[in-house]
Amino acid sequence: MSGAEFLELLSREAAAVEFEGPLVAARAAGASPERLAELEDAKILALRVRGLLERRRQREMELTGLYETAGDLAGLRDLDAVLRAIVHRARRLLNTDIAYMTLNDDERGDTYMRVTDGSVSAKFQVLRLPMGTGLGGLVAQTGTPYATANYMTDMRFQHKGDIDSGVSEEGLVAILGVPLRLGSRVIGVLYTANRSARPFAREEVALMVSLGAHASVAIDTARLITETRAALEELSAANAVIRAHSASVERAAAAHDRMTGLVLRGGGVEDVVAAVTEVLGGDLVVLDPDGRPVAAVGGLGELEPARVAEALSASRLEGRAVRRDGLWVAAVVAGADDLGALVLRPERELVDADQQILERAALVTALLTLFRRASSEAEGRVRGELLDDLLAEPVRDPAALRERARRLGVDLDAPHVLVAVRADTGPGQPRGRALSWAGTYASARTGLAAVRDGWVVLLLPGAEPGPAAQAVVRELTRVLGRPVTAGGGGPAGGSGTIGAAYAEAVRCASALISLGRTGEGAGSAELGFVGLLLGAVSDRDGGDVQQFVRHTIGAIVDYDTRRGTTLLATLEAYFGSGGSLARAAERLHVHVNTVTQRLERVGNLLGADWQTPARSLEIQLALRLHRLRNL
């Protein structure tokens with residue numbers, strides 16, 4: 001029997017026990033001792049060759065595993081996925097019960113459990129190892145691989161109660177730890193362990209060191225990729241911010257150009273509102289100094305006055321727009337003058353540039369308001385001078401006045417009424433405010449306004465002076481916040497009749513004041529001849545209506561008040577019937593004797609001469625004044 005049989009066994013990778021077969025067969029055949037010795041030597045040599053082939057095959061498997069690990073790790077980008085893949089491959093390559101990894105914490109000066117594969121103990125999974133403590137702490141501190149077949153009995157390591165407790169709870173016995181290095185710096189430790197005693201061969205330690213080297217590179221690569229991704233995200237966010245800022249700057253520039261154009265071409269507040277809402281979106285309202293809307297886009301609804309007032313005060317104080325409950329409020333001011341406010345409810349959050357657009361809009365609104373006010377005042381002066389010339393007596397150069405009126409849109413040949421308002425409106429109500437309102441009111445109706453002889457005078461198109469005076473009273477009372485009194489005169493047609501209509505309006509207003517009917521408006525049709533007469537007297541010498549009425553029929557008024565009688569009504573019916581007792585009785589629906597008895601009582605109160613022509617006229621005038629005062 002030759003050594004060929006051992007070669008055949010080697011070729012088919014037979015088990016070690018099968019290499020005893022040729023020796024057993026030779027002994028059975030009675031081979032010589034020399035032959036048996038020769039076969040024994042061949043067997044030993046064959047087993048050596050077999051062991052060498054086995055080790056090479058194992059090494060090839062380990063290298064293949066390392067290559068596969070490197071390939072797998074190269075394809076991973078997430079750090080957590082890389083760490084999980086490393087410990088899983090370590091456990092599989094060394095065929096152990098558990099694998100895990102700790103990473104160094106430079107701030108705390110220890111190493112902490114980062115990821116495990118095969119662990120069952122929650123306590124073990126959160127261990128932290130001080131540098132130099134336990135197997136892992138020693139590897140992390142020295143950067144040298146350490147292995148133990150039985151950790152608990154190995155006194156090379158500094159044992160610590162909580163660490164040993166965690167290891168015991170996990171049931172670990174044999175442990176191998178290798179450092180994870182980046183250059184000369186140790187970043188952590190890679191472990192593989194068994195729950196039973198097991199020595200680790202040098203080849204296994206070398207394999208773990210190689211795996212640790214791959215793992216270190218993969219960890220650093222994943223970290224760099226993560227940091228790069230974070231940096232890219234930050235750059236993307238910064239780019240978005242830059243784009244948004246650029247867009248806001250472009251909006252601001254466009255809004256600035258547009259609003260500058262509005263100022264140059266004499267636009268209005270409505271144009272400013274349209275420009276702002278087109279650029280910023282949302283709803284916008286412009287408020288006047290009294291908080292009333294003068295222009296708006298969208299629907300803000302009814303604004304709470306107290307909230308707007310507080311925000312407006314803050315905006316004036318800070319000199320910029322302020323935000324209150326989703327609304328932006330920007331004060332419209334010119335020096336110390338409060339001209340109103342802009343109130344915006346935007347569709348989106350405003351950036352600084354958008355806020356500056358709103359503030360610039362408030363500034364442009366102030367400019368336009370001042371321009372309009374200056375223009376209105378200039379036009380008001382022109383209109384006032386024209387009305388003043390029309391009221392002059394005698395009127396000079398009617399043709400020139402008619403041409404001046406035509407240029408202002410006033411047709412003097414059409415019927416007009418004159419309204420006279422007492423201009424001394426009381427403390428805190430300067431005449432200028434009443435005149436400013438009158439100029440705007442008259443101009444909107446193609447009329448004129450001026451101040452003359454202490455009266456604010458309005459020339460308005462129309463033919464009914466009484467209703468015109470009443471309308472002026474309503475509007476001006478609301479603006480000034482206190483009652484005013486106005487008289488109406490006219491209608492006047494042509495420049496030569498305007499002065500007379502003005503005198504009539506003054507007489508009517510004076511009559512209302514004399515009658516104590518302040519806060520009303522009336523024309524001659526409402527007052528009658530007594531009112532006009534009284535107005536002329538009052539206007540001339542300040543006559544006291546109440547004193548006259550009291551002196552003439554005061555006894556009758558007092559008697560009716562005390563006793564609840566109707567002597568005043570009886571007198572009015574008597575004079576209204578031309579002094580006929582019968583007709584007076586019919587009007588009063590009483591018997592003639594009743595009228596006679598009442599008139600006798602009147603005679604007792606007023607005197608026996610009460611029916612003389614002079615006394616009768618005074619009594620009738622007093623009765624009329626008394627009724628006018630009590631309308």
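The legends below accompany close-up views of a predicted model.

**Figure 1. Confidence along the predicted chain.** The protein averages a pLDDT of 78, and 80% of the residues score at least 70. Confidence is highest in strand S4 (residues 146–148), at a mean of 93, and lowest in helix H15 (residues 524–541), where the mean is 55. Over residues 425–430 the pLDDT is below 50, and this stretch has nine contacts in the model beyond near neighbours in sequence. Residues 535–543 likewise stay under 50, and for them the model has 11 contacts beyond four places in sequence.

**Figure 2. The six-stranded sheet.** The strands of this open sheet follow the order S3-S2-S1-S6-S5-S4, with antiparallel pairing. Strand S3 (128–130) and S4 are the edge strands, each of them pairing on one side only. Between neighbouring strands of this sheet the average turn is 25°, with direction ignored. Strand S5 (residues 174–182) and S6 run antiparallel and are joined by nine bridges, and Leu182 stands opposite Arg185 in S6. In general, the strands of a sheet pair through backbone hydrogen bonds, in either a parallel or an antiparallel manner.

Figure 3. The side chains of Glu170 and Arg195 meet in a salt bridge, with an N to O distance of 2.6 Å. This pair links distant parts of the chain, since Glu170 lies in helix H6 (residues 161–170) and Arg195 in the loop between strand S6 (185–194) and helix H7 (202–264), 25 residues apart. Glu170 is buried, with a relative accessible area of 2%, whereas Arg195 is partly exposed, with a relative accessible area of 31%.

Figure 4. By the rule applied here, the count comes to 11 salt bridges. One of them joins the side chains of Arg35 and Glu38 at 3.2 Å, N to O; these residues are three apart in helix H3 (residues 33–74), and so are separated by about one helical turn. Arg35 is buried at a relative accessible area of 17%, while Glu38, at 48% relative accessibility, counts as partly exposed. In helix H11 (residues 398–407), Arg407 and Glu403 lie four residues apart, about one turn of the helix, and their side chains meet in a salt bridge at 3.6 Å, N to O. Arg407 counts as exposed at 58% relative accessibility, and Glu403 as partly exposed at 31%. Elsewhere, Asp105, Asp110 and Arg128 are linked in a network of salt bridges.

**Figure 5. The nonpolar cores.** The largest nonpolar core holds 28 residues, of which Ile553, Leu571, Trp610 and Ile619 touch the most other members. Two or more residues come from each of helix H14 (498–514), helix H16 (545–563), helix H17 (567–576), helix H18 (581–588), helix H19 (592–606) and helix H20 (613–629). Among these contributors, H17 gives the most, with six residues. Leaving aside residues up to four places away in sequence, Ile619 touches Thr552, Ile553, Leu571, Phe575, Leu606 and Trp610. A second, separate core of 25 residues includes Leu83, Leu93, Ala99 and Leu176.

Conventions:
Residues numbered from 1 in each chain as written. Heavy atoms only, no water. pLDDT = per-residue confidence, 0-100. Contact = heavy atoms within 4.5 Å. Salt bridge = Lys/Arg side-chain N within 4 Å of Asp/Glu carboxyl O. Buried < 20%, exposed > 50% of the residue type's maximum accessible area, 1.4 Å probe, protein only. Core = buried A, V, L, I, M, F, W, Y, C linked by side-chain atoms within 4.5 Å. Pairing = 2+ DSSP bridges. Axes fitted to C-alpha atoms, helices over the stretch in contact; angles between N-to-C directions.
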